[in-house]
Amino acid sequence: AAASEVDVRTDPVSTADGRSIEVAANVGQPAELDGVRAQGADGIGLYRTEFLFLDRQSPPDEDEQYEAYTTALDTFPDGRVIVRTLDIGGDKPIPYLDLPDEENPFLGERGIRRSLDSDTELFETQLRALLRAAADGDGDLAVMFPLVATVDELDAALETVDAVATQLDAENVAHAVPELGVMIETPSAVFAAPELAERVDFLSVGTNDLTQYTMAAARGNENVEALRDPTQPAVLRAIARTVEAAHENDAWVGMCGEMAGDPELTELLVGLGFDELSMSAVTVPDVKAAVQSSHTDEASAHATRALDAATREQVRTQRNE
Ligand code: PEP
Ligand code: MG
């Protein structure tokens with residue numbers, strides 16, 4: 001359909017020359033689900049499961065989680081819902097989970113590290129709920145792991161998925177193994193991206209953490225604001241390398257950090273080759289419109305220039321050439 005006939009509040013979009021790009025929304029609270037649909041998101045690109053664990057005295061059990069995941073899937077019968085497994089630690093504490101008192105929690109036990117080490121039972125429970133929801137919910141489920149730093153961690157997570165599927169089989173409980181992916185949030189994951197991509201269906205770039213760890217500049221710290229910018233050339237090059245590694249290994253690649261929600265940067269992300277972008281729901285219509293006005297050739301020339309730039313100022317002005 002011509003761009004003019006496409007309604008960004010309801011329809012999927014493609015670039016002016018016809019390349020489809022999935023534009024999805026991030027969800028951090030259950031109450032956001034309806035608004036996300038109203039804004040025209042094609043699906044959920046990052047469902048932050050931490051909220052299921054907050055403001056309570058003990059973790060949600062398997063059935064409660066199953067309900068939450070199927071509700072999200074039923075909201076997008078024709079779309080995809082990417083659920084991230086529990087990502088606590090760092091800036092995301094949960095009182096009853098007894099997180100260690102670390103001098104530097106951002107470099108400590110957080111994300112997948114906790115799931116594989118201290119919270120293994122919780123991880124299995126969450127995966128059981130997810131595999132059951134994958135079979136029963138209307139939309140397509142995808143599951144991704146946060147803060148992966150090594151191939152070993154991914155292998156261990158994938159083994160746990162296998163073990164959980166075997167358990168459910170033995171119990172005759174309906175289930176399906178969803179699409180599986182890895183968040184790229186650490187420089188080590190960027191360097192390991194080919195091997196990570198070989199093992200999964202997709203990669204999703206978390207620019208908030210990837211910027212923090214690449215630039216050694218804590219998220220939320222205003223004293224280092226200029227460094228906390230995903231258009232810093234080093235971060236942009238890390239992102240480009242991730243996209244390449246995904247595509248060379250038959251994986252699709254998305255972005256779910258805040259960078260994805262900046263319509264000023266949409267053409268650049270299209271040019272880098274992203275298949276999916278996920279952002280806070282309010283920016284979905286603007287990003288969809290920016291996708292529609294992009295041309296893949298121009299966008300990719302724009303990306304090439306940006307990748308040659310030496311400063312973030314130069315990265316940001318490439319689109320005007
Ligand atoms: C990110 O780090 O970019 C991300 C999307 O995850 P979160 O903001 O929840 O850490
Ligand atoms: Mg993150």
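This chat walks through the ligand shell and some helix packing in a predicted model.

Trainee: Before we start, what should I know about the numbering and the model?
Mentor: Residues are numbered from 1 along each chain as its sequence is written, while chains are lettered from A and ligands numbered from 1 in the order in which they are written. The model is predicted, so to speak of local features we need pLDDT of at least 70, side-chain atom pairs count only at pLDDT 80 or more, and totals for chains, interfaces and linings use all residues.

Trainee: Okay, ligand 1. Which residues are around it?
Mentor: L46, R48, D87, E185, G206, T207, N208, D209, C256 and G257. A residue is near a molecule or strand if its C-beta atom, placed from the backbone, lies within 6 Å of it.

Trainee: Which element gives the most to that shell?
Mentor: α8 does, with three residues. β3 (44-48) and α8 (207-215) each supply at least two. Helices (H or I, at least four residues) and strands (E, at least two) are DSSP runs, numbered from the N terminus.

Trainee: And how does the shell around ligand 1 split by class?
Mentor: Two nonpolar, four polar and four charged residues. Ala, Val, Leu, Ile, Met, Phe, Trp, Tyr, Cys and Pro count as nonpolar, Asp, Glu, Lys and Arg as charged, and the others, Gly among them, as polar.

Trainee: What does UniProt list for "binding site"?
Mentor: The unreviewed entry lists E185 and D209. They span 25 residues in sequence, yet no two of their C-alpha atoms are more than 5.2 Å apart, so they gather at one spot. UniProt positions use the numbering here, feature names are shortened, and annotations may be inferred rather than shown by experiment.

Trainee: Where is E185?
Mentor: In the loop between β6 (179-184) and α6 (187-191).

Trainee: Back to α8. At what angle does it pack with α9?
Mentor: About 125°, with the axes of α8 and helix α9 (residues 233-248) 10 Å apart. Axes are lines fitted to C-alpha atoms, for helices over the stretch in contact, and angles run from 0 to 180 degrees between N-to-C directions. That makes α8 oblique to α9. Under 35 degrees is roughly parallel, over 145 roughly antiparallel, 65 to 115 roughly perpendicular, and the rest oblique.

Trainee: Which residues make the contact of α8 with α9?
Mentor: L210, T211, T214 and M215 of α8, and A234, V235 and A238 of α9. Contact means C-beta atoms, placed from the backbone, within 7 Å. By class, these are five nonpolar, two polar and no charged.

Trainee: New topic: α4 and α5. How far apart are their axes?
Mentor: 10 Å, with an angle of about 60° between helix α4 (residues 120-136) and helix α5 (residues 151-170). They are therefore oblique to each other.

Trainee: Which residues meet there?
Mentor: F123, E124, L127, R128 and L131 in α4 meet T160, V161, V164, A165 and L168 in α5. That contact has seven nonpolar, one polar and two charged residues.

Trainee: And α2 with α4, what's the angle?
Mentor: About 40° for helix α2 (residues 62-75) and α4, with axes 8 Å apart. That makes α2 oblique to α4.

Conventions: Two residues are in contact if their C-beta atoms, placed from the backbone, lie within 7 Å.
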